[in-house]
Amino acid sequence: MDNQDLLLISELHGRFPRREGRSEMIHSSYTRKFRDLSIVSALAVLLSLLPLLSPFQQDAASAADANAFDAGYIISDANFYNSNALTATEIQTFLNARVPTCHPEWDSNPADITCLKDYRTTTVAKSANAYCSGYTGGLNQSAAQIIDGVARSCGISQKVLLVMLQKEQGLVTNVYPSSYRYRSAMGMGCPDTAACDSQYYGFFNQVYGAAQQYKIYQAKPASYGYRAGRNNYIQWSPTAACGGSTVFIQNQATAALYIYTPYQPNTAAKNAGYGTGDGCSSYGNRNFFMYYSDWFGNPTAPLSPLVQESGTNRIFFLSENVKYYIPTMEVLSGYQRLGTLTRVTSEYLSNFSDGALLQTTLIRNSATGEIAFFSPSGWRHKFTTCTQMTDFGLPCEAPNVSQEVFSSFPKGEEVASGLVRTFHDPEVYRIEDNALHHIVSSEAWQRVNPSGAVALMMPALPDLPLGDPLLADGDMVRTTSSPEVYYFANGRLRYLSSLETGAALGSSSQTVLMTSSFGNLQVDKQPASLAVSCDTQTYLLAKDELHAIDASQLNVAPVALSQARCSRLKVGAAFGGQSILIGTTGSPDLYLLDAEGAAHHVLTWDTAISLAGTATPVIGWVGKSTPVTKIFPTGDSIYPAVYLAKNSSSREVFLVDGQGSATHIPSFDTMSLLGLETNSILPIEGKRPTQSLGEYSPLLKCDTDIYAPTASGLLRLSNAGATQLSSFSLSASACTALSNQLLPSSTPAILKGSGPAVYLYANGTLTWLQTMAAVSAAAGNTTPHILTTSNEVLTALQS
């Protein structure tokens, strides 16, 4: 560069704006003023007389519109701090395109000329700090390598650094730049009132220092006069008398540009494009906007298609020239897979036509036209027809994405026709007959969706009324508004008084399912029992075994089981005879079902054995939630042939036979000999014996025979002398029940009570045998067989 050029630059610097701001890089006593390459505009005017020589030549047809400059939003944060904007290779390609041929011969000192695309230097290492991650120095590094390395270290866009190099020193497009331009390439450390600080000299120091300075601005925004999120007064130029305006700075990146270059272009500067305005014009931030726009597009354009309109909560997905409004957070969350949310102006959005409302996460393959729903897990699911989408209330439209983006979602099953759910609730509904039908269980799901297609997810269910829920036979279900649980079979719901009944009936799951409404399904409030029907036959279900019964015997309607459930059950013996008893799980009570269907409580096990005619009777067990007494009408209890009984309101205990005759017993001494213990006392149940109470006697009478209870059994007394003894007469049934206790006739009989005394009973007389010789003689001089009895019996025999 010759002396005339240097003089021109010096004169121009006196006319154009300077930047003011504080730097942590410099002493606090040192007021830092950054140098603005406003000369670029002036040089453009001056050198326009020599268009073939101008390093700043712009294509007027493609130049950005300076009037689109938004003082409050020059560049988005996403674009400014995007350190992955370009690679070193891409930067080199970009620089090569800006200056295809360098012209050092155009300068008076060609040896001092190096175009940026050819520039190389040795860089030094930089330690990491709170703002940049450091830099590994290297030999013979290119400008592209330095720009990329610094951008990644400090988190500043490579595009921003290129634009800064252009607006400060015109380095990007200059076809014969001198070393002077590289010395202060970014205007870093160059105050208006003094020479540039030599510690920042050099291309690498300039780029690294400026990038780090921008990160300091970002890290400590409150330390500087221009701040985002508030109104800021910004001058038109360094001349205060020129005035300025209040600007609401929308974001940190824009604030950083004003801290670095604290002026905004006035109307004259914007009307001039890349040219010169008036005496109050400044150009630094205007030129930043213009160069960035021309080279890389709108600096506020989003990095992703996901944008938010400034000043509103309205969010859109941009596809080609169409904007699709996103109404809900669920849908927004899905589209965030395709980019981060970036704020844009209303003016920017006005360039896009309105697309369909995005009611769920949809994409369209721009190459094939295929439309798919993509789930939160990232799988894509194809719609088969437009009609299928219409059934969901969706237009046959979706944002276009490239084949590459479309294929980045792995292919899943197709969307199931008419099946829909929300993003946050796994419950699936079927759209049918203009109603939503809740698919309650997995079995019902398999029935309506045998192909395994995917239900469409939406933020909310379609605005349709609820229809009948879709259930599978065996489902236990309740509504969300009631705790009552029902069993579903053959299209009907039957009330369950307990879950055990549902499990016994063969519920498809141990879990109670829930639905919001039963719709118009038939609901039977009568509690379900284990009385069931398979086709036309009625059964009692006991431990997965069916026992046929007469339906007319029941006092409850049987539960109609599905054919599948019936086919899995074993058919056992029919009920309704003395050989089969019925019991309730967890209860000792047994019942006998008579021919009329009445259940009779069998009060003792011995009686049950007697009725069944076997020591191992068949017992059908029903669930405790639906006991025998709820399934069948009850008849009279079945008492033993002879038993002890008492009224709950009295202490008196009676010996009762099956025909109702009774006698009050004073003690249990003799009763225990009959096997009637205190723990076997049965309730009279409000019934008094049918006969008048007889006199108590421990001796029992069957027909004309009289018996004395002993520990070995019933001793039949000889008729001689016994007829005058007092005795308690038993009915024939009671005598039959006791017949297994009869002892062989023994005359004479040797007896003893609770004491040591031994007696001989013969011919109606009880004689005390006082010696062992007398006992032996009574036994016919053989080993005596002494029968133990009660003192009550001995007393009765003496009467």
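**Figure 1. Packing of helix α5 against helix α6.** Helix α5 (residues 143-154) packs on helix α6 (residues 158-169) at an angle of about 125°, and their axes are 9 Å apart. That angle makes α5 oblique to α6. The structure shown here and in the other views is a predicted model. The crossing in which α5 passes α6 is right-handed. On the α5 side the contact is made by Ile147, Asp148, Val150, Ala151 and Arg152, and on the α6 side by Gln158, Leu161, Leu162 and Leu165. Sorted by class, the contact of α5 with α6 has six nonpolar residues, one polar residue and two charged residues.

**Figure 2. Packing of helix α4 against helix α5.** The axes of α4 and α5 come within 8 Å and cross at roughly 135°. With this angle, α4 is oblique to α5. Helix α4 passes α5 in a right-handed crossing. Ala88, Ile91 and Gln92 are the α4 residues that make the contact, and Ala144, Gln145, Ile147 and Asp148 are those of α5. The contact of α4 with α5 has four nonpolar, two polar and one charged residues by class. Ile147 and Asp148 are named here for α5, and Ile147 and Asp148 are also named in the contact of α5 with α6.

**Figure 3. Packing of helix α8 against helix α9.** Helices α8 and α9 have axes 9 Å apart and pack at an angle of about 120°. This makes α8 oblique to α9. A right-handed crossing takes α8 past α9. From α8, the residues Ala210, Tyr214, Tyr217 and Gln218 meet Gln252, Ala256, Leu257, Ile259 and Tyr260 of α9. Seven residues of the contact of α8 with α9 are nonpolar, two are polar and none is charged.

Figure 4. In soluble globular proteins, nonpolar side chains tend to be buried together.

**Figure 5. Surroundings of Val150.** With neighbours within four places in sequence left aside, Val150 is in contact with Tyr135, Leu161, Phe204, Val207, Tyr208 and Ala211. Val150 of α5 and Leu161 of α6 are also among the residues that make the contact between these helices.

**Figure 6. Thr267 and Asn67.** Thr267 lies in helix α10 (residues 267-271). Thr267 has a relative accessible area of 52% and is therefore exposed. The C-alpha atoms of Thr267 and Asn67 are separated by 8.0 Å, while the two residues are 200 residues apart along the chain.

**Figure 7. Overview of the protein chain.** The secondary structure of the protein chain comprises 24 helices and 45 strands. The chain has 799 residues, of which 51% count as buried. Among contacts in the protein chain with a separation of 6 or more, 67% are between residues 24 or more positions apart.

Terms used. Residues are numbered from 1 along each chain as its sequence is written. This is a predicted model: local features need pLDDT of at least 70, side-chain atom pairs count only at pLDDT 80 or more; totals for chains, interfaces and linings use all residues. Side-chain values use heavy atoms; hydrogens and water are left out. Axes are lines fitted to C-alpha atoms, for helices over the stretch in contact, and angles run from 0 to 180 degrees between N-to-C directions. Helices (H or I, at least four residues) and strands (E, at least two) are DSSP runs, numbered from the N terminus. Angles under 35 degrees count as roughly parallel, over 145 as roughly antiparallel, 65 to 115 as roughly perpendicular and the rest as oblique. A crossing is left-handed if the near helix is turned anticlockwise from the far one by less than a right angle, and right-handed if clockwise. Contact means heavy atoms within 4.5 Å. Ala, Val, Leu, Ile, Met, Phe, Trp, Tyr, Cys and Pro count as nonpolar, Asp, Glu, Lys and Arg as charged, and the others, Gly among them, as polar. Buried means under 20% relative accessible area, exposed over 50%, partly exposed in between (1.4 Å probe, protein chains only).
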